[in-house]
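This report goes through a ligand shell and a few helix contacts. The sequence and structure come first.

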Amino acid sequence: MSSGFRVEVPTVRYFERQVLCREGCPVRTDAGGYAQAIAEGRLEDAYIIARTPNPFASICGRVCAAPCEAKCRRSALDAAISIRALKRFVCERFGAESSGFDLGRVYPGLAQQRRVGGGRKVAIIGAGPAGLACAHELALLGFAPTVFEAQQVAGGMLVLGVPEYRLPREIIQAEIAAIESLGVEIHLGSKLGHDFSLTDLQRQGFEAIFLGIGAHKSRELAIEGVHFDGVLRAIEFLLNINLGFRVELGRKVVVIGGGNVAFDVARSVVRQAERFADMNESELRQALHSAAAALEELTTREGEPPDEVRIALDVAREAIRKGVPEVHLYCLENLDEIPAAREEIEEAEKEGIKLHTRWGPKKIIGADGRVTGIQLIKANRVFDENRRFNPQFIEGSEEIVECDTVVMAIGQAADLSWVRPEDNLKLTPRGTIQADPETLATSRPEVFVGGDVAFGPRIIITAVAEGQRAARSIAKFLTGHVPELPQTVRVTTYDSDVYQMPVGYETMTRQTPPVLPLDRRIGIAEVELAYPDPNARRQATRCLKCHISPVFDGDLCILCGGCADICPENCLRLVDVAVLQGDASLQSAIFTRYGHLPERGEQGAIIKDETRCIRCGLCAVRCPTGAVKMERVEMLSA
Ligand SMILES: Cc1cc2nc3c(=O)[nH]c(=O)nc-3n(C[C@H](O)[C@H](O)[C@H](O)COP(=O)(O)OP(=O)(O)OC[C@H]3O[C@@H](n4cnc5c(N)ncnc54)[C@H](O)[C@@H]3O)c2cc1C
């Protein structure tokens with residue numbers, strides 16, 4: 001193995017673009033880097049790689065929507081690497097929630113050259129992921145950020161929306177405490193527009209302001225009956241549950257919506273049920289014992305029961321135990337179109353939630369001011385030919401479903417009722433604060449914005465990325481320049497006789513992390529569990545190491561085609577140079593050293609299909625002249 005080539009920056013960018021998990025992550029987390037570190041047993045290194053770009057690494061290890069997994073090259077082969085679960089695995093050992101946590105090891109010396117802020121005061125409104133990430137980045141840059149939060153608790157939707165059975169609260173508290181340890185002050189119960197205005201903040205000496213107030217208003221459906229008692233809005237429902245208030249629910253609950261929020265609502269309803277179960281304790285115990293005995297008898301009589309019997313019995317047993325109401329979820333989409341994560345749908349169904357696809361609500365029926373049912377209508381499409389949301393319904397297909405609670409989970413919007421003309425903030429027709437997509441500057445010079453309030457409800461990691469980007473824009477606004485860490489390029493060339501991928505990596509299958517058995521899913525008990533150590537390493541070993549590429553030295557190649565012949569994925573092709581020069585898309589896949597086009601007059605070139613390469617290195621082994629080498633090209637922060 002050797003290193004030390006000088007490589008041009010555009011060339012490095014080409015190689016960086018091949019690391020699709022990092023490209024897919026809004027904060028550019030090098031997920032492949034930490035997966036490979038886990039596979040090699042370098043667990044603390046893995047944590048540092050995961051935490052450096054993301055102050056919410058531990059939270060993301062539990063609930064990130066994982067856009068990196070959607071991009072993972074391995075999914076073209078069989079299934080993506082379990083990147084999120086691997087992050088959790090290392091965070092549990094070294095993250096803010098662990099006894100081994102040391103922020104100093106993540107930011108050694110706090111990169112003095114970046115500390116340009118000189119303690120200047122910046123106000124941040126909203127203690128959600130966007131606001132806290134902005135505060136974290138500003139603190140690292142040497143500013144003095146103060147966060148103003150309307151609620152009595154920090155964390156935004158992480159605490160107010162995401163249910164505790166998916167995200168334990170002590171993890172949120174630990175990550176926020178780490179941010180505070182950098183000198184960030186958080187003022188709870190301080191609401192912009194109620195307790196203070198933007199101008200008040202300026203008077204108090206804040207030189208810039210970041211707005212990260214999220215999207216906390218549930219969208220309303222303009223149908224008859226939405227104002228009956230018993231019709232609830234998803235965000236208000238979750239917020240009340242998460243803040244520990246009791247919400248009255250009936251025996252049959254209908255949830256409308258097909259997104260993650262709708263599933264969070266439905267699964268939270270199931271968990272709420274235990275609060276109002278009308279069985280007394282001895283009846284519950286009796287029912288539980290009967291269910292357990294039935295399962296045991298079946299197992300003894302017939303051997304291990306089939307999965308579906310076990311699941312049905314588990315569901316029934318759980319329902320009896322808790323006095324669970326019926327929970328039905330109706331959504332416009334069919335199963336393939338539902339935006340919620342697959343595992344959410346599967347777990348919800350296991351928990352007994354009945355899913356009804358391709359139905360839309362038409363009107364809510366009630367008596368004496370209270371909901372008694374809902375009229376639904378069958379949908380035959382959700383999106384039109386241009387993929388725009390434009391549902392079409394089948395007249396005459398209406399059905400009435402009796403119920404005593406309806407929860408609407410059909411989207412959120414920002415509450416901007418506090419904005420006054422003198423605030424000089426332009427709003428968009430979509431009900432967000434207008435922002436420059438690059439700098440996140442608003443129409444008021446010292447005010448920046450990010451997260452759900454800027455571009456509508458999305459995911460945690462986009463909010464974090466925008467908080468950080470806004471922090472850098474604020475630094476530029478206040479000091480005149482954007483402090484970037486100096487970067488160097490490192491190229492590592494592997495000896496073809498030594499380079500090898502882990503044995504069997506190409507046939508290892510994705511294994512989802514274990515989950516809590518149904519009969520233990522009570523209240524806030526966390527459902528998804530961590531990988532045991534050997535499983536994590538095995539899963540990490542599946543990584544295709546997109547950082548490493550076979551590169552081709554045009555001076556040594558004799559164009560024998562041996563590399564293309566031996567490639568098990570058929571991703572190498574020997575082509576005529578003329579083909580390359582006529583086709584721009586092929587040019588991006590050229591496999592000569594660092595992507596240079598072959599000179600005119602050369603007879604041919606090798607091109608590579610980047611999507612299929614599994615980094616096995618056989619091409620390098622097969623090459624008779626040593627023209628093909630496996631190389632790792634990285635851009636490193638100094
Ligand atoms: C139920 C639910 C489940 C979700 N699950 C996931 C998930 O599993 N994975 C994922 O990636 N994303 C998930 N999301 C999305 C994610 O939570 C949000 O995209 C993210 O929290 C947005 O961050 P933010 O900082 O922009 O806003 P928020 O998290 O909403 O934070 C905004 C903060 O501003 C405060 N605030 C509002 N108005 C004012 C004011 N006037 N003055 C002072 N403070 C104010 C609020 O109280 C809040 O604390 C979920 C969202 C919901 C609703």
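## Around the ligand

The ligand is surrounded by 39 residues, and the closest are Gly126, Gly128, Gly156, Gly214 and Gly451. Two or more residues of the shell come from each of helix H10 (129-140), helix H11 (157-160), helix H15 (260-276), helix H19 (452-455) and helix H20 (460-479). Helices here are DSSP runs (H or I) of at least four residues, numbered from the N terminus.

The shell holds 22 nonpolar, 12 polar and five charged residues. Ala, Val, Leu, Ile, Met, Phe, Trp, Tyr, Cys and Pro count as nonpolar, Asp, Glu, Lys and Arg as charged, and the others, Gly among them, as polar. The ligand lies between domain 1 (112-216 + 414-479) and domain 2 (218-277 + 324-412), because both give residues to its shell. The domain bounds come from an automatic or database domain assignment.

## Basis of the model

This is a predicted model, in which local features need pLDDT of at least 70 and side-chain atom pairs count only at pLDDT 80 or more, while totals for chains, interfaces and linings use all residues. Residue numbers start from 1 along each chain as its sequence is written.

## Helix H3 and its partners

Helix H3 (residues 31-39) packs against helix H21 (residues 533-541) at about 130 degrees, with the axes 8 Å apart. H3 is therefore oblique to H21; angles under 35 degrees count as roughly parallel, over 145 as roughly antiparallel, 65 to 115 as roughly perpendicular and the rest as oblique. Axes are lines fitted to C-alpha atoms over the stretch in contact, and angles run from 0 to 180 degrees between N-to-C directions. Ala35, Ile38 and Ala39 of H3 meet Ala536, Arg537, Ala540 and Thr541 of H21, where contact means C-beta atoms, placed from the backbone, within 7 Å. This contact has five nonpolar residues, one polar and one charged.

H3 also crosses helix H4 (residues 43-51) at roughly 170 degrees, their axes coming within 8 Å, which means that H3 is roughly antiparallel to H4. Gly33, Tyr34, Ala37 and Ile38 of H3 meet Leu43, Asp45, Ala46, Ile49 and Ala50 of H4.

## Helix H4 and helix H8

H4 packs in turn with helix H8 (residues 83-94), at about 105 degrees and with axes 9 Å apart, so H4 is roughly perpendicular to H8. Seven nonpolar, no polar and three charged residues make up this contact.

How values were computed
Two residues are in contact if their C-beta atoms, placed from the backbone, lie within 7 Å. A residue is near a molecule or strand if its C-beta atom, placed from the backbone, lies within 6 Å of it.
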